[in-house]
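Please read the points below with the model open beside you. Each point takes up one part of it.

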Amino acid sequence: MDIIETVFVRNNLVVAFAVVGVTIWISYLLADKLTAGRIHGSAIAIALGLIAAYFGGVATGGRTGVADFALLGGIGLMGGGMMRDFAIVATAFGVQLSELRKAGLAGIISIFAGVIVSFVVGAAVAILFGYTDAAAITTIGSGAVTYIVGPVTGEAIGASDTVITLSVAAGLVKSILVMIGTPLVAKYIGLNNPQSAMVFGGLMGTTSGVAAGLAATDPKLVPYGAMTATFYTGVGCLLGPSVLFFLVSAIY
Amino acid sequence: MIVYGVALLSGCLILGMIIGEALGAALNVDANVGGVGIAMIFLVLASNSEKFRSLTQDAAGSGIKFWSAMYIPIVVAMAARQDVAGATEGGLLAIVAGVAAVTVSFALVPILSKIGKKSATEEN
């Protein structure tokens, strides 16, 4: 047993490749046999990943899902920000410049619209739940933007730790919901071409959610959505502690 | 050489990240502003340009395509390391805020996509 553990821990990234490979194989098998291809295999694989992450978090009390198990530590590296960004950029290989130009303006509008709409909705929910101080309302609203904008804003304007934790949770719910929901609603919101994918990325903004959601819908759309989504968090961090906080302060 | 493509990809990401960090610092924001998006634009420009042909064609190109194809497995690993337990612990407020934000944003996709189509046809 000790020998196996040593080998797994020392070669954790290689173990992650094998584990993810088997997961994807099972997922495609399930997609084929159980849903007759109606649900994309990658959507099932992502859902399995999230379920595993839930149990990993409950079992270990850690914050990085299954990666908190020593034997699966490599999942943390494989699914971490560095590898994610590297692979996302690689998906841009072969993208046509003309497609980018076509959606340029709508893409930029969607980033600002997405940040402001998510913020307003999040802030409204905070008010409905009885929050009355501007810092808390702004922080929870920012959490509904993304789970990075929430804490960045909260720390900048001096919100309480409880409120910052809530804002991270709201952002996580959003990110996970985008991962699961995108393939289910894609048909109804016209998400089947590069232009709408760029608008989608700009509106949703959560890089992980958009990346996984589009991968489960149609991998060809990933680079377009990811390109606008990566600007979203930056715009959110820019607007949250400044304009949006001032607006909320003016009302409360 | 496969590694030429991988090196081009790495160069694009590093350059994009540096610009994203610099943008963040210039705007006084504690975040990387669009670094990945900028890196993607560099790679698009390089793969559409004649000058970079030797770094994007044949074997060099398959070095980039490999990482592009590893994208979904990496996303599955990313899903498996999310703090899902933390998301559900946030309670009702977090869930309502997250669900509401996603629902409204989904509804806006077709509306804003129309703007994109309109401006595209006007240009043509």
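1. A:Leu48 counts as partly exposed, because 18 C-beta neighbours lie inside 10 Å of it. The rule is that a residue is buried with 20 or more other C-beta atoms within 10 Å of its own, exposed with 12 or fewer, and partly exposed in between, the C-beta atoms being placed from the backbone. A:Leu48 sits in helix H3 of chain A, residues 41–60. Helices here are DSSP runs of H or I with at least four residues, strands are runs of E with at least two, and both are numbered from the N terminus. Setting aside neighbours within four places in sequence, A:Leu48 is in contact with A:Thr23 and A:Ser27. Contact means that the C-beta atoms of two residues, placed from the backbone, lie within 7 Å. A:Leu48 and A:Ser27 are 21 residues apart in sequence, and their C-alpha atoms are 8.1 Å apart in space.

2. A word on the source: this is a predicted model, in which local features need pLDDT of at least 70 and side-chain atom pairs count only at pLDDT 80 or more, while totals for chains, interfaces and linings use all residues. Residues are numbered from 1 along each chain as its sequence is written, and chains are lettered from A and ligands numbered from 1 in the order in which they are written.

3. Chain A is divided into domain 1 (2–79) and domain 2 (98–251), with bounds that come from an automatic or database domain assignment. The C-alpha centres of these two domains of chain A lie 26 Å apart. How many residues of domain 1 of chain A are in contact with domain 2 of chain A? There are 6 residues of domain 1, and they are in contact with 7 residues of domain 2.

4. Helix H7 of chain A (residues 134–143) has 9 of its 10 residues buried, so it is largely enclosed by the rest of the structure. Among the buried residues of H7(A) are A:Ala135, A:Ala136, A:Thr139 and A:Ile140. Apart from residues up to four places away in sequence, A:Ile140 touches residues including A:Gly122, A:Ala126, A:Val163, A:Leu166 and, from the other chain, B:Ala97.

5. Is A:Ala159 buried or exposed? A:Ala159 counts as buried, because it has 25 C-beta neighbours inside 10 Å. Its place is the loop between helix H8 (149–157) and helix H9 (161–185) of chain A. Leaving out neighbours within four places in sequence, the contacts of A:Ala159 are A:Ala135, A:Ala136, A:Thr139, A:Gly154 and A:Ile164.

6. A:Ala124 lies in helix H6 of chain A. A:Ala124 is partly exposed, because it has 17 C-beta neighbours inside 10 Å. From A:Ala124 to A:Thr138 there are 14 residues in sequence and 9.9 Å in space, C-alpha to C-alpha.

7. Chain B has 7 helices and 0 strands. Buried residues make up 48% of its 124 residues. Of the contacts in chain B between residues at least 6 apart in sequence, 53% join residues at least 24 apart. One residue to check is B:Asp58, which lies in helix H4 of chain B (residues 58–69). Phi of B:Asp58 is near 50°, a positive value in a residue other than glycine. B:Asp58 counts as partly exposed, because 13 C-beta neighbours lie inside 10 Å.

8. The contact between the chains takes 96 residues from chain A and 67 residues from chain B. On the side of chain A that touches chain B, the largest share, 15 residues, comes from helix H6 (residues 97–128) of chain A.

9. Helix H2 of chain A (residues 12–34) packs against helix H5 of chain B (residues 71–80) at an angle of about 100°, with their axes 10 Å apart. That makes H2(A) roughly perpendicular to H5(B). Axes are lines fitted to C-alpha atoms, for helices over the stretch in contact, and angles run from 0 to 180 degrees between N-to-C directions; angles under 35 degrees count as roughly parallel, over 145 as roughly antiparallel, 65 to 115 as roughly perpendicular and the rest as oblique. A:Ala16, A:Val20, A:Gly21, A:Thr23 and A:Ile24 in H2(A) meet B:Pro73, B:Val76 and B:Ala77 in H5(B).
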